[in-house]
Amino acid sequence: MRNIKEIKPILTALYCINFINEKKDEDIDKIIKYAFARILDSNTNLLTLACAGRTKKDVMKEINQFLSEDTLYKGGE
């Protein structure tokens, strides 16, 4: 069974991790923004605001929390 509902939290996690990385990959950024627009009919503006000025350590607790709530991913363990 496909778990399409997991796409948004996974893309959100990838976007945030890439955004806060010092060496942000512009190609990944473009692909994720495209996926948000085409698949989810939304954009990353609010994610950008939520991630701005934060470090990876700051956001990973939140990322692991929503991934564990909305997906079967258990990366924080």
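Predicted model: local features only at pLDDT ≥ 70, side-chain atom pairs only at ≥ 80, totals over all residues.
Which residues is F36 in contact with, leaving aside its neighbours within four places in sequence?

View 1. Residues are numbered from 1 along each chain as its sequence is written, and side-chain values use heavy atoms, with hydrogens and water left out. Beyond four places in sequence, F36 is in contact (heavy atoms within 4.5 Å) with K8, L11, T12, D41, S42, N43, T44 and L47. F36 counts as buried because its relative accessibility is 2%, buried meaning under 20% relative accessible area with a 1.4 Å probe, protein chains only.

**View 2. The largest nonpolar core.** Within this set of 13 residues, C16, F36, L47 and I63 touch the most other members; such a core joins buried Ala, Val, Leu, Ile, Met, Phe, Trp, Tyr and Cys residues through side-chain atoms within 4.5 Å. Two or more residues each come from α1 (7–20), α2 (26–38), α3 (45–51) and α4 (56–70), helices being DSSP runs of H or I with at least four residues, numbered from the N terminus. The largest share, five residues, is that of α1. Leaving aside neighbours within four places in sequence, C16 is in contact with L47, C51 and I63.

**View 3. The pair α1 and α2.** Their axes, lines fitted to C-alpha atoms over the stretch in contact, with angles from 0 to 180 degrees between N-to-C directions, come within 10 Å and cross at roughly 150°. The two helices are therefore roughly antiparallel, a term for angles over 145 degrees. The contact is made by K8, L11, T12, L14, Y15 and N18 of α1 and by I28, D29, I32, K33, A35 and F36 of α2.

How values were computed: Buried < 20%, exposed > 50% of the residue type's maximum accessible area, 1.4 Å probe, protein only. Parallel < 35°, antiparallel > 145°, perpendicular 65-115°, else oblique.
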